[in-house]
Amino acid sequence: MTSAGSVPAVSQKIASSRTRISALVAGVVSVLSALLVPLAPVVQDVATFSWPVAGSAKPVHLLLYPYQAAELSATFSCSTLAEAARRGGREIVLSTTPDTDAGRRDGLVVELDGSALTITNRGRTVHREQVTGSTCSWQVSATSERTVVSKDGKRVAGADSDVRPHVLGVFSTLDGKVRDLTGLGVRVVSDTRFQTSPSVWKYGLMVLSVLALAVALLALRRIDRESGLPVRRILPRGFWRPRPPDLVVGGVLSAWAFIGALTVDDGYILTMIRAKETSGFVGNYYRWFNAPEAPFDYFYELYHAMTRISDSLLWLRLPSVGLGIVAWLLLSRLVLPRVVKCSPWLVWAAAAVFLAWWLPYNNGIRPEPFIVVGTLGVFCAVERALATRRSLPLAVGLLIAVAAVAITPTGVIAFLPLLTAPRELLGLVRRRLPLLVVLGACGSFGLLLMFYDQTFSAVMEATRARSAIGPSLRWDQEIQRYSRLFEPGYVEGSVARRTPVLLLALSLALVTAVLLRAKRIPGVASGPTRRLLLTTALALAAIALTPTKWTHHFGAFSGLGVAVVVLGVWVLAAPALRSAKARGIALGGVMVVFAIGLSGMNAWWFVSAPDGLWAEQRPNVFGVRLNTVFLVVGLLIALFAVVKAALRGTERPSRLPGPALVAALGCAALVVLQLGTFAAVTGARANTYSVAKQNARSVFGEDCGLASALKIEPKPELGILSLLRGKEELGPFSAQGGYDPAFGPPYLFDRPSTGVPVWGSRVDGDRTTGTATTGWYRVEDSLRRGDAPLVISVAGRLHDGNELAVEFGDSRGRPVRRIVVDEFAMRDFDSDDPTVRRLPTDTPQWRDVRLDVRDAVAGADSIRLVATDGSSGTGGWLAFTPPKAPVLVPMREVVTDTDPTIVDWPVAAVFPCNRPASLALGAVELPRYRIAPGGVTSGLAGMSYAADSAGPFAPVTAVATQTPLPTYLVNDWRRDVVVVHRIEQRHPLGTPAVQLSRVLAPGLSGRGRLNTPGVDDPLTTR
């Protein structure tokens, strides 16, 4: 007979068994369905282009940015060949590239020379014969497996390998010459392997996996409750109650979103997101064949959804602000109280350290803010699992970790907290099969995030292409990241970036050393602290596995790295460091860290803070460098403390400032420097462009960024000042010459048709010396109003005895004011390297000097130039043109918001209104304009136009020319910010006919390789 008291126990045991079975079954279903997601079919958009168009053999452009078609078929008949042969001479029957040396090297060319037919593919003659009949037909077909030339259905030549020709269009000289176009045609199926969307099968598997995972987690939660362990609050009491440090952090982050710096990849990522509107997937718009960012791209979907509302920079910074606030709450409420006794002063110190780290790294749309929150979340989940002995927090931590690693390779650091307590965590898992299965389901959830829109084969090919093209640096090249961090001339090594990392290194070493020696630190929890230190050390090692070595990856340490620095501050304030010797050495170490940090400059990316304090030099006061002061004072303090302790033989408390206070105040000073810099820049640039002004305008719906502050000179030959009186006195200078003939003068200078002169002192031997003076030119009203700068084109040397001066004269022809054009006027404001900016210019190339003369022309009606060649030796000559007041129009009247435009990635963040040229259907939309960075930063965009980088816009350079239009920043005329290029076709080209369809593409379908010239192209790598 069963007792009444045993019935609930049996029922509870049955319920527990059912719960475990539910967790086990749901976990298995979630894992299996997740594993099938990468293999599930997708719906692929297919574009088939055809030529001739409407019976016309007029050439058309078809700029395939994988350069090769997925499939190509070209046909022509002997009747067409016979008619063309009767005309005699050379005719291009059809070609997939322009008739140039490069085109013949890369494309398929079918040509006639008299009656001789030649078929060339990729620079190699594959077939040649005489045209003798008029009833045959020819076909050339090319796929990734083979290329075959057939005549009347019989193979006459070919190769059983991937030798597909490049396709830039279809070009022919037969239009209007040959009437019989029977059988003439080209059919191209573009490579759209990445332009896909999930199929019903893929959607079904993802939904099933997510639902099964939810069931498994709920079952795991019930198992935890049935274990009998006490239930604890997830968040501590008062978690959401605001405190003064919270208000400061939130206020600073909000202000920084409004006035703060651009990040280096804001424009890159923004254009990738905007381009999805036409391509249907998030591709790497500027290189790598626009291959998808998968498997690390799901977080872009958030920003893509936001761009549906607005492309405003301020709007897109809101996630960064929100994540910053979440990160701070996790730090101040959960992480720091877990590892150290949080007194009010320490929380304020933590706020200073957090802001000093967050501001220079995480104010933008890069992924690091997500990794910060993810890593903190995993650390908190692990600590809760250890504290409560419950399984659910461990599963949630793993779920957060896989979500983080699916964002970016740097997200691997989010896994590391799971590795820091192996014995304890294995104790939770041991002999618990349901938990293991649920953890497997959590881990497999990452497959949904990585393959939600792409197939396994597509992701593998995209990854292979990126690795082959690079950069793909090895772990043993990690030193490059730190060399950039300590390079003073680069934004990557600025004061704001290097100082937090140095503090992390100091704190990590200090806390570890103290723990190893003393085993425990008063006020510090040893277990969580050891796990925190180990996680951070492993993270510094793990980022060596990432394929790129940029310093912005340190932004991912704005969470746990800050916690380590705060621990270091606590140790620096510990009683053990109150002796003169200990405090002196610690204070000296902190001072040296700040000295190394101050060896950088207060430099920021692109147009963020061009006139900021110490933007072009190391921080100094009255010429005295602060890094030297900190270094000398720090070393003297340490030496004094050691000597004093040795002489007295006692360890009395020291009156030296506390190193913890110095570290905290140093971080606060960094925050003040950054905020002060941008506040000052915003005020000083009220009448021109600033980031804050762009954000302010966006609030009121006027958000076209830098485009609203630029003017263009669409006809550079206009605006030359008219000669008012006097005549030139050349001395050793010659008119219509005197410069390096390899570099012709700009615009219409030195052309007989215009009669506009060029003066130069260059002769054989470069030993000419003397002075030249021009006549007096009229001062235009635009110069008086400040609507345009005075522009002079110069070449040669402007230093070491050479001089070019602008003199302003009154109505009697008497000079009343004089300006010398020196290195300052010529220096490149946008260079990352201040030493480059200060180097004097000495080049045979022509460049424009832009001078704001609105104050100088007061009381003057004329301008003349006085040039002195006082330098000898190679390159010691000087050449110049007459002055010009350029005729300017607003940029938005020239480059409209609807014009297809290439907006190069360094500048794209500040041109939100300009429409990126489409990369849909595997082809480049022929753009009308290009907006390129000016000055030395112009070279950064070169990869987009280089075939060996798989630049999608490389085909544009083959069929079109780029004409630079001088571009001016209003009220900051000298700054060479961007250059607008007008893109014009070399020859008028039409567009091919296109047929669109959709097919179901299997997840493992092979579609050939993405062949990059010079990297893995089968012809160029032999």
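**Rings, cores and strands: a walk through the model**

Let's start with some rings: Tyr-268, Tyr-285, Tyr-286, Trp-605, Trp-905, Tyr-945 and Phe-953 are linked into a cluster by ring pairs. Rings of Phe, Tyr and Trp (its six-membered ring) pair if their centres lie within 6.5 Å; planes under 30 degrees apart count as stacked, over 60 as edge-to-face and the rest as tilted. Before going on, keep in mind that this is a predicted model, where local features need pLDDT of at least 70 and side-chain atom pairs count only at pLDDT 80 or more, while totals for chains, interfaces and linings use all residues. Residues are numbered from 1 along each chain as its sequence is written, and side-chain values use heavy atoms, with hydrogens and water left out.

The structure holds 28 aromatic pairs. Take Tyr-285 and Tyr-286: their ring centres are 5.0 Å apart and their planes are at 80 degrees, so this pair is edge-to-face. Tyr-285 has 1% relative accessibility, so it counts as buried, and Tyr-286, at 0%, counts as buried too. (Buried means under 20% relative accessible area, exposed over 50%, partly exposed in between, with a 1.4 Å probe and protein chains only.) Trp-604 and Phe-678 also make an edge-to-face pair, with 5.2 Å from centre to centre and 80 degrees between the planes. This pair links distant parts of the chain: Trp-604 is in the loop between α20 (580-597) and β15 (620-621), whereas Phe-678, 74 residues apart from it, is in helix α22 (residues 659-684). Those labels come from DSSP runs, numbered from the N terminus: helices are H or I with at least four residues, strands are E with at least two. Both Trp-604 and Phe-678 are buried.

Arg-850 lies over the face of Tyr-968, at 3.9 Å from the ring centre; to count, NZ of Lys or CZ of Arg must be within 6 Å of the ring centre and within 35 degrees of the ring normal.

Now for the cores. A nonpolar core is a set of buried Ala, Val, Leu, Ile, Met, Phe, Trp, Tyr and Cys residues joined through side-chain atoms within 4.5 Å. The largest one has 212 residues, and Phe-354 and Phe-911 have the most contacts inside it. Helix α10 (residues 344-361) gives the most to this core, with 14 residues. Leaving aside neighbours within four places in sequence, Phe-354 is in contact (heavy atoms within 4.5 Å) with residues including Val-249, Leu-253, Trp-328 and Val-562. Another core, of 36 residues, lies apart from the largest one, and among its members are Val-60, Leu-62, Phe-76 and Val-170.

On to the strands, which pair if DSSP finds at least two bridges between them. Strand β4 (residues 71-77) is mostly covered, with five of its seven residues buried. β4 pairs with strand β13 (residues 185-189) over five bridges, in the antiparallel sense, and six bridges join β4 to strand β9 (residues 137-142), again antiparallel. Look at Leu-72: its bridge partner in β13 is Val-188, and its partner in β9 is Ala-142.

Finally, find the open sheet of three strands in the order β29-β17-β34, paired antiparallel. β29 (889-890) and β34 (967-969) stand at the edges with a single partner strand each, so one side of each is left without a neighbour in the sheet.
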